[in-house]
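Hi everyone, thanks for coming.

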Amino acid sequence: MLARARTFAIDGVHPRPVWVEVDIRSGLPSFTIVGLGDTSVRESRDRIRAAILNSGFEFPQSRITANLAPASLRKAGPGFDAALALGVLLASGQIPADALDTYAVFGELSLGGELRDSPGALAVAEGARQAHCRRLIVPRQRGREAALVEGIEVVAVTDLRAAAAVLRGSAPPALPAGPRAADHPIRTAGPDLADVRGHAGPVLALQIAAAGGHNLLMEGPPGTGKTMLARRLPSILPALARDEAIEVTRIHSVAGLHADRLMTERPFRAPHHTISPAGLAGGGSPPRPGEATLAHHGVLFLDELSEFQRPSLDSLRQPLEDGHVTIVRGQNSLSFPTRFMLIAATNPCPCGYAGVDDRCTCGEGELRRHRRRLSGPLLDRMDLVVAVRRPAAEALVAAATIDSAQARARVAEARERQARRLAPTGLRTNGEMDARTAAERARLAPRAEAALQRAYAAGLLSARGRHRVLRVARTIADLAAHDRVGHQHVLTALSLRQPATTEEASAA
């Protein structure tokens with residue numbers, strides 16, 4: 001008898017529909033799984049046999065062939081176990097013949113028949129909705145996560161026996177207690193800008209970066225507050241929109257980071273400087289999302305930027321420009337989203353005091369080696385480059401100039417202006433504008449256009465740098481609630497691109 005069950009493979013961070021076909025024929029007892037499965041898929045034969053027997057069912061003593069279609073798609077992971085086991089039960093007549101017609105199934109089986117926690121349930125639920133499945137069977141631990149997708153009934157079960165009972169007509173168990181999603185953004189207590197003293201320039205740069213989704217590099221000697229400032233950036237970022245939240249939650253689910261509720265706060269990832277290129281941009285076999293993808297719609301913070309391996313940093317150049325990274329392994333090509341804000345902090349030299357005071361002990365060779373670690377193309381992709389200096393003694397005891405709530409309100413208003421202006425393009429922030437969109441939507445005043453042209457003619461900007469200064473100037477105008485980009489907005493954007501000198505601003 002032939003039985004069919006629907007499940008899904010996780011291809012990168014996207015679900016791909018898979019039909020599980022089980023055929024039982026007379027012959028010597030055997031169990032064969034075909035369809036380009038990896039080792040964990042092939043090993044599922046023994047798990048399924050033990051799970052069926054230990055759940056009180058009969059395992060057919062016949063020739064069993066299971067096919068995972070399409071055969072051209074590589075299948076990885078143990079998430080096919082439950083669909084294969086239920087397919088065997090259906091083909092052997094132990095559950096009704098039409099029981100799986102409206103269902104999709106996903107989950108790993110233990111030898112005792114329990115459905116184990118399986119990453120990627122949210123992606124599978126999205127795939128099931130797109131495939132017009134009415135119901136989805138998942139492990140109970142992932143029930144709330146899968147239920148974040150609207151338009152599909154989620155059946156969260158603890159074991160194979162409970163899944164079979166539902167397919168025979170029993171009432172499905174209630175979902176685990178807890179909210180399906182946050183009706184209102186919930187902000188956890190964290191570092192606040194009210195703690196910052198004496199850093200007016202860097203705090204302004206943080207607000208501009210948050211408002212427009214721009215990349216920011218902070219340079220300064222040790223102990224001046226670069227890391228402290230960066231870790232306060234999430235406190236001024238707006239909450240994720242629902243479509244962004246679904247996408248971010250799906251990515252984290254596929255990566256194995258349990259998400260039992262919709263993520264509303266933007267991710268903040270801060271990997272150690274020893275991370276490999278594959279860990280940062282994505283890769284491995286099979287390819288997995290890297291830190292750049294886990295920071296999608298959020299912040300990727302690279303502390304001690306000059307200590308990262310140069311190949312790791314250079315692997316970010318294309319993702320920063322395109323908003324996605326494509327990983328090719330053999331004949332398999334996967335694309336991962338990487339629309340993140342890059343925030344970085346670095347010292348000016350190995351000892352940290354070059355160009356600051358006479359404490360620098362680095363020789364010319366050490367300085368050259370230090371600078372070679374940061375490639376010019378990567379630095380050219382930084383929209384804002386600010387110096388973070390040692391605050392004055394009186395500034396440390398002065399009152400705070402702004403707190404995170406006030407800054408977040410300014411950022412939210414600026415983003416609303418951008419969303420209205422960019423609505424026809426489908427973009428949300430100025431940082432996403434390409435050169436053509438920026439030229440059409442920036443609304444430069446004549447003096448501002450002339451200042452930008454003079455800076456470019458003086459050789460102080462590359463073509464990419466000119467485009468990035470224009471986007472930053474547009475964000476500064478949005479923060480000031482100005483419809484057009486003025487002369488002062490361009491000068492401010494130029495001054496925030498090169499902290500060591502003011503040549504750009506003076507040339508303008």
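When I say contact, I mean heavy atoms within 4.5 Å. Do keep in mind that this is a predicted model, where local features need pLDDT of at least 70, side-chain atom pairs count only at pLDDT 80 or more, and totals for chains, interfaces and linings use all residues. Residues are numbered from 1 along each chain as its sequence is written, and side-chain values use heavy atoms, with hydrogens and water left out.

Let's start with Thr326. Which residues does Thr326 touch, leaving aside neighbours within four places in sequence? They are Gln318, Ser333, Leu334 and Ser335. Thr326 belongs to strand β13, residues 324-329; strands here are DSSP runs of E, at least two residues, and helices are runs of H or I, at least four, numbered from the N terminus. β13 runs antiparallel to β14, residues 332-337, with 6 bridges joining them; pairing takes at least two DSSP bridges. Within that pairing, Val328 sits opposite Ser333. The hairpin has 2 residues between its strands, and Gly330 adopts a positive phi near 65°.

Finally, a charge over a ring: Arg4 lies over the face of Trp19, 4.0 Å from the ring centre. The criterion is NZ of Lys or CZ of Arg within 6 Å of the centre and within 35 degrees of the ring normal. Thanks, everyone!
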